[in-house]
Amino acid sequence: MIVQNNKIAQNHKSRIEKHHIEDFIGRSYMSFCVLLLIVAIISMVYFVMSKGVSTFVVDKVSISDFFFGTKWSPEGNNPSFGALPFIAGSFITTLLAALIASPLSICAALFMTEIVPGWGKKLLQPVIELLSGIPSVVYGFVGLSVIVPFLRDVFPGQGIGVAAGSIVLSVMILPTITSVAVDALSALPQNLKESSFALGATRWQTISGVIIPTTLPAILTGVVLGMARAFGEALAVQMVIGNAPFIPKSLFESASTLTSVITLGMGNTTMGSPQNNSLWSMALVLMLMTFLFVFIVRLLEKRRAI
């Protein structure tokens, strides 16, 4: 009996030691992964920042000339590195895309959750997921084959320009905004809507007076995430925007964005040259804008928590 109890105790002790070893291995692996992720992010930020500031430190380009200059001519005896046309093009296309996509996304989310939550969600959810999985080059080809000819036939100009780029971007960010809006509307407590109905409010009064104001911070989070994706999109916009280094005076004129000029010029420059450094400075602007979008999302999440 004593021998059997000793064996049971030894087996229990061995199992505890095994669990401790497994727990140590698991914690060590997760700590290594987190540390590797932190090192990778810090290294990437340091690399982009060190390359980006070379334009101002090494090449002695004025910060004001870079951010507010309108002439982009990096080659020749008297080069100019005015990035304002590309910064303006990125902001214009991103804001227009958000203005186009946000109402459509919110209406689609309300349709799937409030109007016909049964078959409406079954019908639209696969379509939204399909849109999010289409490659950027396909969006660019569709825009070049469908949107550009349509704009050329209906409006003045060649079709390529800010309007075409904004429309393509709006379709691309539609799944992001819609998915976040659907999650926010689905998480809304049912008693809020029931209380509104009990007070005699109609469905549309409940949607406009209760549902949308309550979920607005979460919906705005989806809009900001969509804008972050639109701001960093390169290939699809590059195919339909025209890539002209000028500030557009209308929606149907050619323009360029930070991402398009980087992708077009990075492979044709020498590492360490003033033109290459200026492209890295644009990449630094993109990274800082990404940080800004993340900061805005965090603020909206805090507001939603309150």
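Ten residues of domain 1 are in contact (heavy atoms within 4.5 Å) with nine residues of domain 2. The model is predicted: local features need pLDDT of at least 70, side-chain atom pairs count only at pLDDT 80 or more, and totals for chains, interfaces and linings use all residues. Residues are numbered from 1 along each chain as its sequence is written, and side-chain values use heavy atoms, with hydrogens and water left out.

**Domains and their interface**

- The domain assignment, which is automatic or taken from a database, gives domain 1 as 1–58 and domain 2 as 72–303.
- Between the C-alpha centres of domain 1 and domain 2 the distance is 37 Å.
- The two domains bury about 820 Å² between them, 78% of it on carbon and sulfur atoms; buried area is the accessible area (1.4 Å probe) that two parts lose on being put together, summed over both.
- On the domain 1 side, V48, K51 and T55 lose the most area to domain 2, together 52% of what that side buries.
- Four residue pairs are in polar contact between domain 1 and domain 2, both residues at pLDDT 80 or more. A polar contact is a pair of N or O atoms within 3.5 Å; within protein, one must be able to donate a hydrogen and the other to accept it, and residues adjacent in sequence count only if both atoms are side-chain atoms.
- Helices α1 (2–52) and α2 (54–57) each supply at least two residues of the side of domain 1 that touches domain 2, and α1 gives the most, with six residues. Helices (H or I, at least four residues) and strands (E, at least two) are DSSP runs, numbered from the N terminus.

**Salt bridges**

- The whole structure has one salt bridge: K193 pairs with E114, with the closest N and O atoms 3.3 Å apart.
- This pair links distant parts of the chain, 79 residues apart, with K193 in helix α8 (residues 190–198) and E114 in helix α4 (residues 84–115).

**UniProt annotation**

- The unreviewed UniProt entry places "domain: ABC transmembrane type-1" at residues 87–301; UniProt positions are in the numbering used here, feature names are shortened, and annotations may be inferred rather than shown by experiment.
- Residues 87–301 are 79% helix and 0% strand, and their end C-alpha atoms lie 27 Å apart.
- The annotation "transmembrane region", also from the unreviewed UniProt entry, covers several spans, including 86–111 and 279–300.
- Residues 86–111 are 100% helix and 0% strand, with end C-alpha atoms 37 Å apart.
- Residues 279–300 are 100% helix and 0% strand, with end C-alpha atoms 32 Å apart.

Methods: A salt bridge is a side-chain nitrogen of Lys or Arg within 4 Å of a carboxyl oxygen of Asp or Glu.
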